[in-house]
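Subject: Structure for you to look at

Hello,

Here is the structure I said I would pass on. Please open it first, then read the notes below it.

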Amino acid sequence: MDGNQREKVKKGDLTGAKVYVQAKPMLGGMVTDLVVMIFYLFNGPAHAKVGLIPSIPLGKIGEHVGDWEHVMLRVSNFSGELLRMYFSQHSAGTWVDASRLEYLDGDGGNRPVVYASQHGHAFYPNVGTVLQGNMSLGIGIQNDCARGSRLDTGAGRCEVVSAEYLDVNELAWLGFEREWGPREVYDIGREINYAARILPRSVRERLAKLVEKVLVGEGPTGPKMHGNWRNDEREA
């Protein structure tokens with residue numbers, strides 16, 4: 001596979017992409033959680049922000065093949081109303097009340113908008129940059145979101161793969177227990193020392209610890225292997 005073909009595979013095909021949905025009762029059956037999952041072929045390299053320096057590419061750090069991400073809509077079983085939405089962001093995530101969401105058709109619409117961060121695919125409710133790290137020191141991993149190509153998850157673009165109390169046969173691949181991509185091996189310290197060589201050593205060491213905590217260098221396991229398949233979501 002040449003370089004052009006490799007880059008094409010990494011980017012995937014948004015026109016043919018689809019999402020997978022798990023429906024599960026929660027809170028004693030008072031609500032239904034609709035977990036909307038999407039598989040990214042490739043997770044791109046990370047960028048960091050340190051103080052007044054706006055963006056520092058971190059070499060290969062953050063790259064790995066295979067990346068499952070999800071959002072979750074919590075719906076009332078009494079009124080059918082959307083109550084809250086959960087946005088997965090790396091190893092945890094954030095809850096947002098329905099009244100604070102952005103909707104596709106403006107304030108009168110009922111289809112929430114989700115923004116995926118560049119390269120990292122963490123999900124956020126708004127455009128902008130979220131710094132994941134030490135806010136007081138201004139050191140962190142950048143999560144940049146902007147308006148771009150849109151994936152409409154309406155009719156024909158989603159598939160229900162698991163639903164309690166409904167006649168849904170779970171697909172065989174949900175039981176795959178291995179990682180969804182090969183392990184990427186690189187020296188975090190060396191990558192940071194090269195990419196951020198203009199920074200003081202103490203800052204580079206702090207950045208390396210943050211990278212080890214936030215980012216992984218291997219493909220993740222599948223949706224059914226995650227704690228949220230049966231339990232509630234993890235909040236950052």
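Which residues does isoleucine 192 touch, not counting residues up to four places away in sequence? They are Ile61, Arg197, Arg204, Leu207, Ala208 and Val211, where a contact means heavy atoms within 4.5 Å.

Before the rest, a note on the source. This is a predicted model, in which local features need pLDDT of at least 70 and side-chain atom pairs count only at pLDDT 80 or more, while totals for chains, interfaces and linings use all residues. Residues are numbered from 1 along each chain as its sequence is written, and side-chain values use heavy atoms, with hydrogens and water left out.

The overall picture

The protein has three helices and 12 strands; these are DSSP runs numbered from the N terminus, helices being H or I with at least four residues and strands E with at least two. Its radius of gyration is 19 Å, close to the 18 Å of the globule rule for 236 residues, so the protein is as compact as a globular protein of that length. That radius is taken over C-alpha atoms, and the rule is 2.2 Å times the number of residues to the power 0.38. Of the 236 residues, 40% count as buried, meaning under 20% relative accessible area; exposed means over 50%, and partly exposed is in between (1.4 Å probe, protein chains only).

The cores

A nonpolar core is a set of buried Ala, Val, Leu, Ile, Met, Phe, Trp, Tyr and Cys residues joined through side-chain atoms within 4.5 Å. The largest one has 17 residues, and Leu58, Ile192, Leu207 and Val211 have the most contacts inside it. Strand 3 (47-50), strand 11 (139-145), helix 2 (188-195) and helix 3 (201-214) each give two or more residues to this core. Helix 3 gives the most, with five. Another core, of 16 residues, lies apart from it and includes Val21, Tyr40, Val75 and Leu101.

Two loop residues

Most residues other than glycine have a negative phi. Leucine 27 has a positive phi of about 55°. Leucine 27 sits in the loop between strand 1 (19-26) and strand 2 (31-43) and is partly exposed, at 46% relative accessible area. Tyrosine 165 also has a positive phi, of about 70°. Its loop runs between strand 12 (158-163) and helix 2, and tyrosine 165 counts as exposed, at 74% relative accessibility.

Regards
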